[in-house]
Amino acid sequence: MSGDRPIVWVADDDETTQDYLREFLCAEGFAPQCFDSGEPLLRTLAKGETPSLLILDIRMPRVGGLEVLERLEELHRRIPAIALSGVRDVSIAVKAMRLGASDYLLKPLNRLELKISIGQVLGLNLNGDATSVEEQPPATAWDSENKAMVRIKAIGDQVAQADVPVLILGESGVGKEVLSRYIHRQSGRADPFVRVNCAALPSDLLESELFGHERGAFTGASREKPGKIELAGRGTIMFDEIAEMGPQLQAKLLHVLQDGEYSRLGGTVTQRSEARVLAATNKPLHRMVAAGTFREDLYFRLNVITIEIPPLRERREDIRPLAQQFLDKYRDKYTSDILQLPEELAEAFENFSWPGNVRQLENLVRRFLILPDVPQALAELQRAGAPEDLLPARSSSLLHLSAQAAERTELELVLRTLEEVNWNRKRAAGKLNICYKTLLNKLRKWQLVAPGQASRRSPTPTALAARVSPR
C-alpha cells in the first residue's frame, strides 16, 4: 500500500496509454507505478514488492505481458492481473486467461469498462462520476422463485417511495448494489444514483469525495470540486461498505442525515442535501456498535428499514437462471458460441457453496466463456471452495450417508497431504501409505489438478464420480 492506497503496476511501452492509466488510477484512489516493459516490472517484483493489481500490455519490447504471467506462474505468485491488447485475437485472450489473467481488455480503453473490470478483479465496484454510475447492473435478479428474494422485492417496492434510509445487509457479492439500484429506479427519482465505496479510499480522500472541496482547501486542490452528496442532487446516494467509514466521517454523515446540511472542505457556505440515503455492509453493525467501533446514533439513523439478502447457497434455484443471464451478457464480448452451460458444469454450480456469491458466479461464467473447458472449470471450482463443494448429493440413506462422510474425510486428507508436499504426488502417496497408482486413480475420480496445471486437459472422463454432499 502507498499511503493506504492500493498499488497498481502498469506495464505498457506506449506513453499515451501509460499517461491515460496513470491519470485514471490516481483519480480512482490508486497509487500507480508504470513500466515500459515487463523486464523492469519483474526486477521490482524480485525485490519483494507486491502490488494489488497488474495491468499488462500483451506486446512489449523485451518482455511482454504473457511472459510476465508465465514467470508469475513459475514462481507460484498469484497477483490479480488484467491483460491489454490492441488486437482483437481470441487466442491471445485464451492464453492470457490460462496463465492467470483475470480479465482481457482491448485498446483503445473504455473508461467505464476499465472501471468495471478493475472493480470485479479486486472485489470493489469503483466510484464513478454522476454520469458513469448510472450503468445498468446485471439483470435485476428478481425473476426468482426463492421466497426470501420475492419478499425482498416486495419490500423494495414498498420502501422505494418512502424518503427514509434503508440499511442493506448481506455477504460480499450477494447483490446489495443491485437491490439499491432497484429501489432507486422504483422511486422514480430523476436525479442520478451515486455509489460511494467507503472501503476504497482512506478517510481524508473519502471526505473530499463525499463533501467536495474548494480551491486551495488542501495541497493539490487546484480547483473546486463538488462531492458525491452534491452530485446526487435529489437522487439516491448509496454508502457501500459503510462499516469501513472512520469515526470523524461517521459524525459528519450523521449531521447530514439529521439536518440535511453540509459544506465543502475549505468552504463556508452551507449546502442542503435532498438525496435519498441507502447504506450497505457485509459486517454486523450491531456488534460494532456494542464494541464501540461504529456510532450508535448513526446506526439508528440508518437502521430505519433493514433488508438482509440471503447468500446464493441459500437460494440455489437462482443459480442456473443467473448463470444463463451472465452467459447472455458476455457471449458477444468474448465472441463465444456457447448458448448454455454444459449439464455437468451446471450441476456442479448448483452444488457449490459460492463463498463469493453472485459476483463469483459471474466471474466463473465469464472465465468459462473464454476457456470453455469443463474439467478446467471444475478444477477452478475446487480451488475456489471447500473440498465438499465438488460432491453433490446422491442419497440420504444411512448407508450412503456413511459412505459420503468417509469419502469427504478421505478427500480432505488427500488434499491436505498434497498441499504439505507441494503437490508431489509420489511423496504424497508415501505419506498416505498407498501406492502411487491408487493415488492417481483417486485424483482422476475427483478431478483434482495441481495449482498452475488446470489448463492441461485431463485425459480422463469429465464426469466427477462418487461425489457426495455435506448437506
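1. L345, F349, L364, R367, F368, L371, D373, Q376, A377 and E380 line the second largest cavity of this predicted model. Three helices, α14 (343–350), α15 (357–370) and α16 (374–384), are the elements that each give two or more residues to that lining.

2. By class, the lining of the second largest cavity comprises six nonpolar residues, one polar residue and three charged residues. Among the residues named for this lining are R367, D373 and E380, and with Arg, Asp and Glu counted as charged, these belong to the charged group.

3. The volume of the second largest cavity is about 80 Å³. In the structure as a whole there are three cavities of 30 Å³ or more.

4. A separate point concerns the packing of two helices. Helix α1 (residues 15–27) and helix α5 (residues 111–122) have axes that come within 12 Å and cross at roughly 60 degrees. The pair is therefore classed as oblique, since an angle has to lie at 65 to 115 degrees to count as roughly perpendicular. The crossing of α1 past α5 is right-handed.

5. Which residues of α1 and α5 meet? On the α1 side they are Y20, L21, E23, F24, L25 and A27, and on the α5 side R111, L114, K115 and I118. Sorted by class, this contact has seven nonpolar and three charged residues, with no polar ones. The charged residues include E23 from α1, and R111 and K115 from α5.

How values were computed: Residues are numbered from 1 along each chain as its sequence is written. This is a predicted model: local features need pLDDT of at least 70, side-chain atom pairs count only at pLDDT 80 or more; totals for chains, interfaces and linings use all residues. Side-chain values use heavy atoms; hydrogens and water are left out. Axes are lines fitted to C-alpha atoms, for helices over the stretch in contact, and angles run from 0 to 180 degrees between N-to-C directions. Helices (H or I, at least four residues) and strands (E, at least two) are DSSP runs, numbered from the N terminus. Angles under 35 degrees count as roughly parallel, over 145 as roughly antiparallel, 65 to 115 as roughly perpendicular and the rest as oblique. A crossing is left-handed if the near helix is turned anticlockwise from the far one by less than a right angle, and right-handed if clockwise. Contact means heavy atoms within 4.5 Å. On a 1 Å grid over the protein atoms alone, a cavity is a set of points where a 1.4 Å probe fits but cannot get out, and a pocket is an open set with protein on both sides within 12 Å along at least five of seven lines; lining residues have an atom within 4 Å of a point. Grid points are joined across faces, edges and corners, and a volume is the space filled by probe spheres set on the points.
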